[in-house]
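Please keep the sequence and the coordinates at hand while reading.

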Amino acid sequence: MNKYKSLHLWMIIPFVLMQSGFIDSYWITWSDEDWSTHIHVFSAMFWYILLIVQPFLATHGNIQTHRTWGIIGFFVAGATVSSAVSFLWQDVSFGDAGGFGEPFTEGFFYGIVLVELIMMTGFAVAVIMSIVHRKRTDEHVLWLISTIFYIMMPGLGRGLEFLIFTFYGPYAWLALSICSVLIIITLLMIGWRLKKIMHPAILLGIVVNIPTFFVYWIGQQAWYVDWLQQFMKY
């Protein structure tokens with residue numbers, strides 16, 4: 001347990017990155033956002049906070065409190081997944097409306113639906129695996145840490161989009177690609193550091209982030225768009 005005594009400090013980094021990424025696309029426009037967006041952002045934010053607090057509690061003798069918040073955390077994880085899925089219909093509607101011009105074309109919005117569905121599925125699997133392995137500390141910790149990298153793309157991606165749009169140009173594909181590269185490299189570094197580079201949590205995290213490279217291509221597949229329009233009625 002001692003090797004995790006500083007883990008809570010490391011967990012602050014992704015939390016700050018996520019919040020920074022949402023400054024321009026959420027916090028500044030907070031009053032104009034709908035409730036589904038608020039619920040998703042705050043549930044995800046609470047999940048990140050738990051990933052900071054929980055290691056601290058567990059490594060500083062507050063095991064009972066750690067377990068109590070762990071139970072609450074699983075409800076938070078459920079809220080994060082369900083709220084994310086609940087407003088994906090908006091992306092479909094934006095795609096049907098033709099998008100908003102380059103770089104946010106209809107293909108972008110159709111593609112991002114599948115990308116985020118895959119991410120939230122991976123997140124849910126990781127949370128379930130952390131429950132299954134709750135009595136095996138190393139496994140429990142690794143699965144929970146990995147959840148950060150399954151859902152980091154929206155926050156980090158928006159932050160990179162803001163920087164690239166400001167200093168380079170409206171290249172959303174570049175921002176998303178850089179985002180995925182950074183996440184995958186970080187996952188590999190964690191796996192190498194823990195000598196578990198082939199661990200299912202690491203591999204699943206890589207698989208979950210690969211579709212981000214192909215957002216536009218996915219959104220241009222006619223069969224997929226037809227299925228999406230039929231499946232996601234709004």
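Two residues are taken to be in contact when they have heavy atoms within 4.5 Å of each other. By that criterion, and leaving aside residues up to four places away in sequence, histidine 199 touches Glu139, Leu142 and Trp143. The model in which these contacts occur is a predicted one. Histidine 199 belongs to the loop between helix H10 (172-193) and helix H11 (200-209). Its relative accessible area is 8%; because buried means under 20%, histidine 199 counts as buried.

The protein has an average pLDDT of 88, and 98% of the residues score at least 70. The lowest confidence falls in helix H3 (residues 23-27), with a mean of 73, whereas the highest is found in H11, at 96.

Is lysine 195 buried or exposed? With a relative accessible area of 75%, lysine 195 is exposed, whereas histidine 199 is buried.

The axes of H10 and H11 come within 10 Å and cross at roughly 175°. Angles over 145 degrees count as roughly antiparallel, and therefore H10 is roughly antiparallel to H11. On the H10 side of the contact are Ser180, Ile183, Ile184, Leu187, Leu188, Ile190 and Gly191, which meet Ile202, Gly205, Ile206 and Asn209 of H11. Divided by class, this contact of H10 with H11 comprises seven nonpolar and four polar residues, and no charged ones. The spacing of such contacts can be read against helix geometry. An α-helix has 3.6 residues a turn, so residues three or four places apart point the same way.

Helix H4 (residues 35-59) packs with helix H5 (residues 63-86) at an angle of about 155°, their axes being 8 Å apart. H4 is therefore roughly antiparallel to H5. The crossing in which H4 passes H5 is left-handed. The residues of the contact of H4 with H5 divide into 13 nonpolar and eleven polar, with no charged residue. Within H4 is phenylalanine 56, which is partly exposed at a relative accessible area of 35%. Phenylalanine 56 and histidine 66 are ten residues apart in sequence, and their C-alpha atoms are 8.7 Å apart in space.

Helix H6 (residues 88-96) comes next in this account. Which residues of H6 are buried? They are Leu88, Gln90, Asp91, Val92, Ser93 and Gly95. These buried residues of H6 pack against H5, helix H7 (106-132) and helix H13 (222-231). After H6 comes glycine 98, which has a positive phi near 95°.

The loop between H6 and H7 includes proline 103. The peptide bond leading from glutamate 102 to proline 103 is cis, with omega near 0°.

How values were computed. Residues numbered from 1 in each chain as written. Predicted model: local features only at pLDDT ≥ 70, side-chain atom pairs only at ≥ 80, totals over all residues. Heavy atoms only, no water. Axes fitted to C-alpha atoms, helices over the stretch in contact; angles between N-to-C directions. Helix = DSSP H or I, 4+ residues; strand = E, 2+ residues; numbered from the N terminus. Parallel < 35°, antiparallel > 145°, perpendicular 65-115°, else oblique. Left-handed = near helix turned anticlockwise from the far one by under 90°. Nonpolar A, V, L, I, M, F, W, Y, C, P; charged D, E, K, R; others polar. Buried < 20%, exposed > 50% of the residue type's maximum accessible area, 1.4 Å probe, protein only. pLDDT = per-residue confidence, 0-100.
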